[in-house]
Amino acid sequence: MSAQPHSVTHHAEAPKSFIRRYVFSTDHKVIGIQYLLLALAAVTIGMVLSWLFRAHLAWPHLIIPGFGGLMRPEQYLALVTMHGTIMVFFVLTVAPQSGFGNYFLPIQIGADDMAFPTLNMLSFWITLVAFLVLVAAFFTPGGAPINGWTSYPTLSAVGSVSGPGQGMGETLWVVSIALFCLASLLTALNFISTTIEMRAPGMSLMRMPLTVWGWFVTAVLGLLAFGVLLAAGILLLLDRLAMTSFFVPAGLVFNDTQPPLMHAGGSPLLWEHLFWFFGHPEVYIAILPAMGITSHILSNFSRKPIFGYKAMAYSLCAIGFLSFTVWGHHMFVSGMSPYSALAFSFLTLIIGVPSAIKTFNWLGTLWGGKIQFTTPMLFAIGFVSLFVTGGLSGLFLAQPAIDLPLHDTYFVIAHFHIVMAVAAIFGIFGGLYYWFPKMFGRRMNETLGKTHFWLTFIGAYLIFMPMHWMGIMGALRRYASPGGLGFVARMDPIDIFITVAAFVTGAAQLLFYFNFFWSIRHGEKVEENPWHATTLEWSVPSPPPHGNFVAAPHVYRGPYEYSVPGYTEDYLPQHLTPEQVAQSAEAGT
Amino acid sequence: MVFREPERGSGLAAAVFSLFLVALVVTTVYIFAAHIWPMPPAITHVGHWIDQQYRLTLWVTGIIFVLAQLTLAWMVFRYRDRGQKARFVRGSHVLEIVWTTATLVLFTTLGAMAVRAWAQVHFISPVPGALQVDVMAEQFTWNFRYPGPDGKFAPTAPIYYSDANGNPFGIDPSSKDTDDIVSPILVVPVGQEVVLHLESKDVIHDFYVRELRIKQDIVPGMNIPIHFTPLKIGEYHIMCAQLCGLGHNRMHSMMRVVSESDFQKWLKQQEAENQQ
């Protein structure tokens, strides 16, 4: 149960100096916004990179300034690699978990800050350094790494002998990821301690908002997964710099150059196991907070309790647990035992069950509701549609026999972008439009917001749906050009269509940037609780003061008490005392 | 369609949302149903089994896709804010149990049915006497080796790899077995089982032929056998499906499936070239 009522006074004094207040701040809210701004910078870079390689795919003869003539294959692969790495780590992990989680987890459980504020600050700064190290890879003499975000050895482990981008660029990639893992471990510890120890009186586990469940389960995943990738990263670094052979076997000859490399005794499969032991939980690290946010928003704007709260909380835990048992489905064609593939296949299909439970309950939440189409609600409903679409293509890839033709084709690109990347981005956008009034005391413009939603939602489907069929026809990912394959070249019109859709959808994000920065200063001012919501973040001023709560909060009921029969308002906040509720009911009758 | 001008301006959003989801469903179903962008035809029995399982999965996921998206479209339109009061429901144990059980049964059944095709690829040994071919992948070319008239592969070692001297497999120069046939393309007789022994010199590559429905990573330090029986004469692309460096997209070769007599003819021709 919840911890002892903790003091809200020891944090009440905000630091005076600008540096301590906004730069090296230990306030979870400032740190949350710092993470969000980092993610915003990262997503901008990641998106521009995708434009560049999409432009190349659509118009191979296009001269893009800065590439020294036509784009070379290694430049294309560097763009793809950096796009994936930046997006997965510095956007999809940073924004929903570290960004929103930092800002809202403490407030939603009634805490004045994270359990370890200084550690929290340290996590952010390490993450920022990790990002800068990664971006620096672009400016190394050999160029940015070209191994994809999965960085499989031996390509990634033997240095420049395996081609361009394998020198300092790849080393910086590994260092960046290792630093990122370290920061994420610290964040995970902090989130877990905070959730367990710092809940306000009355905030039992089963009264936590589903967002908190999302962040909590994600933190547990982070704690168990990032440690493994950190270890793998260090081993890869040793292979590269100290001539160890964790991932490199004997007898390798590159470019017909004798004698064979001096490595002996390692296996690339070891990296694949370690990487995906992290990598599969990672996709849930990206999506679980978005699931929490979607649930939160759907309930709010359906004016209904979330359908099946317990099923929602337990299914998050089930997904979290199962996510550590399915990594082998990334390795059906890797050369690992084909017998273990069957185990991974069934476990992967079974992880579809809690995912389906969530979808059914989201539909159940909408059913009989009073749906208000605010911008965050549009993104939440969009999330459900995308999650269904992307989840279903996962049923193909979960079966090793069907994975044989589809593995490493554009079908996979379509699958994970829709279910994990775009869906998670929709969670982020939903959260931003929803919580913006709380963070800045002003509302974002709804007309711009809705236009942004429609262009993004339709655009995302136009970009990624056609990729399914490209994959079915056999188009492989990480191909800089058809490379003389006629059947791939015949897909050029589809490539052009996708690229145009990507540019339009990308341009639509300008609406968001404008709306975001303009609204910070000029948006319509709002009170504490503009959405008529129930959870604790709406019981404090907008923006919340240092220390969050003016008086120590007390929680009396579950998080989604909307349209409660017999109560005057259609929302019954968690912090209202029974006496206040009784008074209000009397006043209403 | 007629609907009242609703309160809170939600009618338009609801209608647009629903119509978009309907359009998504119709377009997607049409593209699949009309085979606009299909898989190339399979040329092995195993490939047909894989396709059968693929079609089954397409049906199952297709039905769920249509039902789920249309339900969402209906919910969004039906329950838009028209000033009504939301129903106060916390959930339903019965429904939770029903849909949990239903999806569990459905998904695991699907998985169980997929085992057969996978078993055909990986659990069943090739017939004795199947044609044996060594495959050596390297940045960014394919090499294939046949044992030659003596039916035996010459011994090899990495130290002897030399593309420049026409010895990509590193055949031991001191070996007496000099009749191995080395070719940049894969030629196989129709209707006969072939075993490929996949090896890589440098990085991970992947042997992928669409029409075989086979994709197999080639991992440095490992020798991975795969087997198949092509049933249709023709030429098929061999592609590298695992990122192997800057030339990844140009790393392809050809699998030529020919009649038995054409295959023997080709072997003879290669042997003759060897002796020159």
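Predicted model: local features only at pLDDT ≥ 70, side-chain atom pairs only at ≥ 80, totals over all residues.
Student: Okay, then how do α9(A) and α10(A) run relative to each other, roughly parallel or roughly antiparallel?
Tutor: Take helix α9 (residues 338–366) of chain A and look at how its axis crosses that of α10(A): the angle is roughly 155 degrees, and the axes come within 11 Å. Angles over 145 degrees fall in the antiparallel class. So α9(A) and α10(A) are roughly antiparallel.

Student: Which classes of residue make the contact of α9(A) with α10(A)?
Tutor: From α9(A) come A:Gly352, A:Ser355, A:Thr359 and A:Trp362, and they meet residues of α10(A) including A:Phe387, A:Gly391 and A:Leu395. Sorted by class, this contact has five nonpolar, five polar and no charged residues.

Student: Over in chain B, how do α1(B) and α2(B) run, roughly parallel or roughly antiparallel?
Tutor: Their axes are 8 Å apart and the packing angle is about 165 degrees. That angle makes α1(B) and α2(B) roughly antiparallel.

Student: And what is the hand of the crossing of α1(B) and α2(B), and how do the residues of their contact divide?
Tutor: The crossing is left-handed. Among the residues making the contact are B:Phe17, B:Leu21 and B:Val25 of α1(B), along with B:Leu58, B:Val66 and B:Phe77 of α2(B). By class, the contact divides into 16 nonpolar, three polar and no charged residues.

Student: What covers the buried residues of α1(B)?
Tutor: The buried ones are B:Ser10, B:Ala13, B:Ala14, B:Phe17, B:Ser18 and B:Leu21. Residues three or four places apart on an α-helix point the same way, because there are 3.6 residues a turn. The cover includes α2 of chain B together with α10 (375–397) of chain A.

Student: Zooming out, which element gives the largest share of the side of chain B that touches chain A?
Tutor: The contact takes 90 residues from chain B and 95 residues from chain A. On the chain B side, the elements giving two or more residues are α1 (10–33), α2 (45–78), α3 (93–122), β7 (214–218) and β9 (234–240). That side divides into 49 nonpolar, 25 polar and 16 charged residues. The largest share, 15 residues, is from α3(B).

Student: Is A:Leu476 buried or exposed?
Tutor: A:Leu476 sits in the loop between α13 (446–472) and α14 (486–489) of chain A. A residue with 20 or more other C-beta atoms within 10 Å counts as buried. A:Leu476 has 29 of them within 10 Å, so it is buried.

Student: Which residues is A:Leu476 in contact with, leaving aside neighbours within four places in sequence?
Tutor: Both chains show up in the answer. The contacts are A:Asp408, A:Thr409, B:Met239 and B:Ala241.

Student: Last one: what do the buried residues of α15(A) pack against?
Tutor: Helix α15 (residues 492–522) of chain A has 31 residues and reaches 45 Å from first C-alpha to last, close to the 45 Å expected. Its buried residues include A:Asp495, A:Ile498, A:Ala502, A:Phe512 and A:Phe516. They pack against α2 (28–58), α12 (410–440), β1 (442–443) and α13 of chain A.

Conventions: Residues numbered from 1 in each chain as written. Chains lettered and ligands numbered in written order. Contact = placed C-beta atoms within 7 Å. Helix = DSSP H or I, 4+ residues; strand = E, 2+ residues; numbered from the N terminus. Nonpolar A, V, L, I, M, F, W, Y, C, P; charged D, E, K, R; others polar. Buried ≥ 20, exposed ≤ 12 C-beta atoms within 10 Å, placed from the backbone. Axes fitted to C-alpha atoms, helices over the stretch in contact; angles between N-to-C directions. Parallel < 35°, antiparallel > 145°, perpendicular 65-115°, else oblique. Left-handed = near helix turned anticlockwise from the far one by under 90°. Expected span 1.5 Å × (residues − 1).
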